[in-house]
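I opened my notebook for a slow walk through this structure. Here is what I looked up, entry by entry.

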Amino acid sequence: MTGSLWREARDALLHDRLAMTCAVLLVLLALSAIAGPSLLDYREDQIDWSHVAAPPFEAGGHWLGTDRLGRDLLVRTLYGLRVSLGIALAATLVSLVIGVSWGATAGYCRGRVDALAMRFVDVLYALPQVFFVIILTVVFGRGPLTILAAIGAFGWLTMARIVRGQALALRERDFIEAAVVGGAGTARIITRHVVPNLLGPVIVYATLGLPQAILVESFLSFLGIGVQEPLASLGNLIADGAAEMETAPWMLAVPAACLVLVVFCFNFLGDSLRDALDPGDR
Amino acid sequence: MVTIAFVLRRLLGAIPTLALVVALAFLLMRLAPGGPFDEEQALPPEIRANLEAAYGLDLPMHVQFGRYVRGLLQGDFGPSFKFRDFTVGELIASGLPVSLALGVAAMLLALALGVPAGSLAALARGQALDRTVMAFAVAGISIPVFVVAPLLALVFGVWLGWLPVAGWEPGRISDMALPVAALALPLVAFIARLMRGSLLEVLRAPWIRAARARGLPERTVILRHALPAALLPVVSYAGPAAASVLAGSLVVETLFGLPGMGRHLVQGALNRDYTLVMGMVIVYAALMIALNLAADLAYAWLDPRIGVERRR
Amino acid sequence: MSALLEARGLTVDFSGRQAIRAVDGVDLTVAPRERLAVVGESGSGKSQLLLACTGLLAANGRAAGSVRFAGRELLGDPRAAAAVRGRGIGFVFQDASGSLTPHRGIGDQLAEVAMSASALTRRSARDEALAMLARVHLPDAGALAARYPHELSGGMRQRVAIALALMARPRLLFADEPTTALDVTVQAGVLALLARLCDELDMALLIVTHDLGVVAALADRIAVMYAGRVVEEAAATALLSRPRHPYTAGLLASVPRLGDRGELATIPGAPPVPGESFRGCRFEPRCPNRAERCSAFDPALARIAVGHVACHFPLTVDGSQ
């Protein structure tokens, strides 16, 4: 990726108002998740006996209402966002590291290394991901760490494929040849020359992979095999909300809206990034 | 082109995958720290030993695996550790028809809605119809099943009272309506997007222009020349689609209280019921592999160039 | 004898990041059973000419002016254009592989055209298809009809493409560089086939090419295009032996002849990029005979004895200025 391509992409992106709005929203949400709970009056496990299952905007300072145990919904949702985002980020990071190194090595080395490496990816790809994640939680216990490992264990596959494709193409470029002639070892070439030039697609797919990770984690937490009470995740908040939705619909609406907003923004941003870096005909 | 050789090749290719799933599931299960009886109230050691012997848990790993596989081949998935009165096989058999009906209905609905929606959006490119359909599509893929399902239940079940939100009587369509709709919605969105992109690309192909140049009416060009080619990516997507439907069915069955396999799987996961979970995973995996196979065959049937041995 | 196809002031513009005028005011006529060759380099707009006449321009293209087929105006009337395609004007594209639908059998595609053009039954359409395959000299028509395009060689595909273009019995056949993508050995056969078919089926032919060799054998009249304009148009024998426009002369001179020695003659410079604007004659930068007048005024297509030429100083009978 040449410098000018970056600049073109950045310009195209900055002009896309919707994408910029999404980016700004995400930043705001992330900030609220990190700093919000400390700025608000209530703690996430604090029970307010006088305002159990209260709708939003009622007295008591509970801006978005409370759940059936009297805990402030806004704070819990922000906490849930923190947990979900945290797990997703960590898992995506893991996927990134594994996927990029795997794919870059396979694409650059070609031949048998490539064939073997990608065969492994193909085989894993064919396995039903959700179910193995579930097995992992059964085996290793439920909780954030297991979820993280489980998501990361499957998330790197797509990244590896993309990166491998890019590396295959990159291999033919002149500067790679120059590096080889200059006597650089394979590992050095991969880390110093191949990987930095893959950053574009990597960023795109990382941005698109995050909402996937959030969704998997929320899915599991919703079913009860992910993040456990009293720890809050958007998933189990939604589950609680679903149980109470007839009498207290805000319990479902608030975390659901938060989740959908985050996922939508990431998806949209990722799409726009992808279009900016490689304009097809959308 | 679909030849016997092609079908056989694909079938043979599927077997190792299935074997791998079984092996992996087994391995993971047996690697678990602690055993399935840990959560019982404190058992005296002799009773625990007896229980473990009864379930064969004291035998070496490869012997256990051998016994398990032999059992599998005879259709025996072992006993459920938690539901003592039932074997896993029985639990699967009771839940499978429900889950299959749910899944198949959802996929058919998704195709029936998604393909036309995406095609119309492509044909009306840039106009209001296109933008509306695509806006819905983006929303659809951003809203996960476990949000859609409760929302649908809330709106159509509770507020409007049109459809029931729980219970399952075999054959009653209204019982199925909400679960199937909830399951199908994210899929409709994805398929619509896929179809639109695919059709737009096909319409740019030179042979479409050539078909028009022959004087064929536009309707024929779209229906018999463009659409079959545009359907290919959608058929390819059948595999991942099945995976997402299967995953979604876990949510939908739990939420709407449907007596399908999904609910058993979730219960098994919550109870750490190893044999149940393993059995379920294997059946689900087999279903997915079968569907992938069918999709492969459909693809080869649609595109005669596939399946032909090509010299590199 | 009234013209079969008559274009007047035909312009083709493309919108987009940069507005491009591919065809800039072309007048053309094709009489029944006549064979017109349009010659020009790539970028001269000759392919867009054909597409504009049949209403097949890309979405961002606009045709203006007048195009009449058998007296009926085609531009601005999508229904007329649709009616003319296949039945009035057949089209053979440059890339035969791009003319055949990959997922349908050859026989199917042929029969489909017959059924749509003249409401035949499936059986008779099949027979027609087989007959047409025989007409284009494809052996074993029955077996061939069951095949798919990817199973055929390039030359066979081109013949099938020709057959497809003829199924609706058009009166005029457009051929856009029909032999460019083929092996040299196959080219002559395809050209001979086209000539024979035009005779047998009473068709006129408009063939677009950059290859003068193709043109020499086949054409009754030749029109030379440069940068979106017709710069010379005359009867084939006249044009080939006594070109009037310096560009035509240059093209002819650059065709190597057996027995030639020494350097190949070329026209210096390069043709203008589509979208460039001009003042004065477009060929002026490359013309060996350019004068002051040429860079100031754009020469119009003027009638001369044997046809038309657009040049301020057309070459005289002995080839000099």
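**Entry 1: a valine in chain A**

I began with A:Val94, which sits in helix H3 (residues 73–109) of chain A. A reminder to myself before going further: this is a predicted model. Is A:Val94 buried or exposed, or partly exposed? I found 18 C-beta neighbours inside 10 Å, so A:Val94 counts as partly exposed. A residue needs 20 or more such neighbours to be called buried. I also checked A:Val94 against A:Ala149: the two are 55 residues apart in sequence, yet their C-alpha atoms are 8.3 Å apart in space.

**Entry 2: who touches whom**

Next I went through the chains in pairs. Which chains share the most contacts? Of the 2 pairs of chains in contact, it is chains A and B. Chain A and chain C are joined by no contact, and their closest C-alpha atoms lie 13 Å apart.

**Entry 3: the A and B contact**

I looked at the contact between chains A and B in more detail. It takes 33 residues from chain B and 32 residues from chain A. On the chain B side, several helices each supply at least two residues, among them helix H1 (4–31), helix H6 (145–159) and helix H12 (274–302). How do the residues on this side of chain B divide by class? I noted 29 nonpolar, 3 polar and 1 charged.

**Entry 4: chain B by itself**

Chain B has 12 helices and 0 strands. Of its 312 residues, 42% count as buried. I also looked at contacts in chain B with a separation of 6 or more: residues 24 or more positions apart account for 72% of them.

**Entry 5: the nonpolar core**

I then searched for the largest nonpolar core and found one of 269 residues. Which residues have the most contacts inside it? They are A:Ile238, B:Ile191 and B:Val277. Helix H7 (residues 173–203) of chain B gives the largest share of this core, 18 residues. Chain C takes part too: domain 1 (5–219) and domain 2 (229–309) of chain C each contribute at least three residues.

I zoomed in on A:Ile238 and set aside its neighbours within four places in sequence. Its contacts in chain A include A:Phe222, A:Leu252 and A:Leu259. From chain B, A:Ile238 is in contact with B:Phe146 and B:Val147.

**Entry 6: the B and C contact**

Here 23 residues of chain C are in contact with 19 residues of chain B. Helix H3 (106–118) and helix H6 (154–166) of chain C each supply at least two residues of the chain C side. The largest share of that side comes from H3(C), with 4 residues. By class, I wrote down 11 nonpolar, 8 polar and 4 charged residues for the side of chain C that touches chain B.

**Entry 7: the build of chain C**

Chain C has 11 helices and 12 strands. Its C-alpha trace spans about 65 × 50 × 45 Å along the principal axes. Why call chain C consistent with a compact globule? Such a globule of 321 residues would have a radius of gyration near 20 Å, and chain C has 20 Å, which agrees. Buried residues make up 44% of the 321 residues.

**Entry 8: two domains in chain C**

Chain C is divided into domain 1 (5–219) and domain 2 (229–309). Their centres, taken over C-alpha atoms, are separated by 27 Å. The contact between them takes 15 residues from domain 1 and 12 residues from domain 2. Which element gives the most on the domain 1 side? It is S2(C), with 7 residues. That side has 7 nonpolar, 5 polar and 3 charged residues.

**Entry 9: the sheet in chain C**

Last, I traced an open sheet of 8 strands with mixed pairing, in the order S6-S7-S8-S3-S9-S10-S12-S11 (chain C). Its edge strands are S6 (89–92) and S11 (302–303) of chain C, each pairing on one side only. Strand S9 (residues 221–226) runs antiparallel to strand S10 (residues 229–235) in chain C, and 6 bridges join the two. Across from C:Met225 I found C:Val230 in S10(C).

Terms used
Residues numbered from 1 in each chain as written. Chains lettered and ligands numbered in written order. Predicted model: local features only at pLDDT ≥ 70, side-chain atom pairs only at ≥ 80, totals over all residues. Rg over C-alpha atoms; globule rule 2.2 N^0.38 Å. Buried ≥ 20, exposed ≤ 12 C-beta atoms within 10 Å, placed from the backbone. Core = buried A, V, L, I, M, F, W, Y, C linked by C-beta atoms within 7 Å. Domains from an automatic or database assignment. Contact = placed C-beta atoms within 7 Å. Nonpolar A, V, L, I, M, F, W, Y, C, P; charged D, E, K, R; others polar. Pairing = 2+ DSSP bridges.
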